[in-house]
Amino acid sequence: MDIAQNILLTIMTAATPLLIAAIGELVVERSGVLNLGVEGMMVIGAVCGFAATLLSGSPWIGMLAAIAAGAFFSLLFGVLTLSLAANQVATGLSLTLLGLGLSGMIGESFVGSAGIKLANLDIPVLGDIPLVGRLIFGQDPIFYISLILTGGVAWFLFRTRAGLTLRAIGDNHASAHALGINVLKIRYLAVMFGGACAGLAGAHLSLVYTPQWVENMTAGRGWIALALVVFASWRPWRVLGGAYLFGAVSIGQLHAQALGFGIPSQFLSALPYVATIVVLVIISRDRRLTLMNTPASLGQPFVPDR
Amino acid sequence: MKKIVLALAATLAAATATSAVAQEKYKACFIYVGSKTDGGWTQAHEVGREYAQEKLGDKVETVALENVPEGPDAERAIERFARSGCGIIFTTSFGFMDPTIAVAEKFPDVKFEHATGYKTAPNVTTYNSRFYEGRYIIGQIAGKMSKTGVAGYIASFPIPEVVMGINGFLTGARSVNPDFKLKVVWVNSWFDAGKEADAAKALIDQGVDIITQHTDSTGPMQVAEERGIKAFGQAFDQIQAGPTAQLTAIEDTWGPYYEKQIKAAMDGTWKGGQSSWDGLKDGILSMAPYTNMPDDVKAMAEETQAKIESGELHPFTGPINKQDGTVWLKEGETADDGTLLGMNFYVEGVDDKLPQ
């Protein structure tokens, strides 16, 4: 029983940073902007979160710093692609390069320092319920935030007027502009939300997952988050499903190896990617629905005529 | 892509440096697979470079390029170094073997040193450390300390060096507990703190109470500390990550070797086509302080270390069976270096199928 709980906890820890970063990027892409800089913003969040935690002594301050740093860093992308209408793909890639280099520089003096872990929730009675106690009541705060974020974004996008506006901009920015909507302002907000989420995902890595700072510690998770958004056809609950599926298969394959089934480890290592793509492609096979969910003006720069 | 940027930056820096110091300084260059501050493998090489630089002083300029991925990028990076006036180039990861040989062919006047590989050329020498000696010692400690009799091994890639480490560890453990078992998890990466930590958790959930690793981050050590089990540091003293978890660490000490080889390259006594393979007795390998264990285990570890250093004990001494139960080494027989360097089979007791 304890083992099952431990395995599930490990899966949730592995899935949480992917989910948060992907949910942020989903909002960005729904507004019609493609920001390939997730990996860079995430690693900036990780280093700033870690540094602020050590300097202030509080992982909560670290977490807030990571969110702020991610949002601020994404603003750079915003200015270049929104105000200056630069190419989004190129700018996003540069953001990743810059983030990886810059984080190494910021973090240089923090390498090897013992981190402070963002403590798990500890509710006396509820946390002791067998099987599910720790899963529901005993996790780290960022895990709960990730679920609230997913629900919140789903509600915002499909149940509020502001969400409708954001999706309208993503589908056709010219029409939205003609209706008097301030396209650039909303896109700025979306980009910064995406940056804040990526920063928080990074903080999860350096404050919860492995409470330490090492260069390149995101190890490609930003790219996985990006892929999740596309394969989940820009739908929040599917992103959640995809992130958890990826986490489950990643952890499951490690267990399969430790059990000594004798399946080639190279194949097992590739399995999380294969499984996630196959499943998400299968559930997104309705072309009409997928087309409806794809932001039609994704990646196109918008220059308002005055 | 960061690597490309770094490579460009380093090339620029290298180029400007050469022109600035004219010809009198000898240039020694290093290529790293990871970051200089990884707290493991690459940091050990970086410490070695700093040592050599300090010892050799003004006569030498050392340059390092970090985060070079194994593969086509590596060849480009090595070639840039060769073009930028490096007299000797150290390539410090197994996966740099073929790129090193390829570039060495194009630059016969540049000297190359490749770590842990098995291919040499007239201007390529290889160097390695007998890590398995340290692995044997930590295996013995694990054999004594483990209550479940099962240890977990977080492995990177199925190359001979890693397989040799696994076998060395288990042989050590079995020398004190003949029924000892080993679970192996391959993460197919040298450096991914999160994934290594996940592997450690998976192993612990399956009942191992000691973990060791052949990957470069301190992720597993942190998990061991958190879960209250024991672990061994890899390549570098990782006591900071696991103050109550680390039993000892196998530390790589490359400095004196680097100093010696750069000196030889400068005065013309350097020879290509050599393979240097030193161990505990030469100081290229050392053990971090034995901590968090009872005195008798510590005494045993120290005794084993002394025996290996004096040459009295070869870790791979028969009888040792292969995984399938067939005899590998007969009673009293020791393994030859060739077999060790090309090791592609497990010894008895490994609970895993070797990926081919």
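These legends describe close-up views of a predicted model. Local features need pLDDT of at least 70, side-chain atom pairs count only at pLDDT 80 or more, and totals for chains, interfaces and linings use all residues. Residues are numbered from 1 along each chain as its sequence is written, chains are lettered from A in the order in which they are written, and side-chain values use heavy atoms, without hydrogens and water.

**View 1. Helices α6 and α9 of chain A pack roughly antiparallel.** Helix α6(A) spans residues 141–159 and helix α9(A) spans residues 183–209. Helices (H or I, at least four residues) and strands (E, at least two) are DSSP runs, numbered from the N terminus. The two axes come within 11 Å and cross at roughly 160°. Axes are lines fitted to C-alpha atoms, for helices over the stretch in contact, and angles run from 0 to 180 degrees between N-to-C directions. Angles under 35 degrees count as roughly parallel, over 145 as roughly antiparallel, 65 to 115 as roughly perpendicular and the rest as oblique. The crossing of α6(A) past α9(A) is left-handed. Left-handed means that the near helix is turned anticlockwise from the far one by less than a right angle; right-handed means clockwise. From α6(A), A:I142, A:I145, A:L149 and A:V153 meet A:F193, A:C197, A:L200, A:A203, A:H204 and A:V208 of α9(A). Contact means heavy atoms within 4.5 Å. The residues of this contact are 9 nonpolar, 1 polar and no charged. Ala, Val, Leu, Ile, Met, Phe, Trp, Tyr, Cys and Pro count as nonpolar, Asp, Glu, Lys and Arg as charged, and the others, Gly among them, as polar.

View 2. The axes of α2(A), residues 38–56, and α9(A) come within 6 Å at a crossing angle of roughly 55°. The crossing is right-handed. On the α2(A) side, the contact residues include A:G45, A:A46 and A:G49. On the α9(A) side, they include A:G195, A:G199 and A:G202. By class, the contact has 10 nonpolar, 8 polar and no charged residues.

**View 3. Helices α10 and α12 of chain A run roughly parallel.** The axes of α10(A) and α12(A), the latter at residues 265–283, come within 9 Å and cross at roughly 20°. A:I224, A:L228 and A:F231 of α10(A) meet A:Y273, A:T276, A:I277, A:L280 and A:V281 of α12(A). The contact divides into 7 nonpolar, 1 polar and no charged residues.

**View 4. Chain A meets chain B.** In this interface, 33 residues of chain A contact 38 residues of chain B. The chains bury about 3,100 Å² between them, 50% of it on carbon and sulfur atoms. Buried area is the accessible area (1.4 Å probe) that two parts lose on being put together, summed over both. In chain A, A:E215, A:L254 and A:A258 lose the most area to chain B, together 17% of what that side buries. The interface holds 2 salt bridges. A salt bridge is a side-chain nitrogen of Lys or Arg within 4 Å of a carboxyl oxygen of Asp or Glu. A:R221 forms a salt bridge with B:D192, with the closest N and O atoms 3.2 Å apart.

**View 5. B:R76 and B:D73 form a salt bridge in chain B.** The N to O distance is 2.2 Å. Both residues lie in α3 (residues 72–83) of chain B, 3 residues apart, about one turn of the helix. The whole structure has 14 salt bridges over all chains.

**View 6. Two loops have backbone features of note.** The peptide bond from B:G318 to B:P319 is cis, with omega near 5°. B:P319 sits in the loop between α10 (295–310) and β13 (320–321) of chain B. A:N216 is not a glycine, but has a positive phi of about 55°. A:N216 lies in the loop between α9 and α10 (221–231) of chain A.
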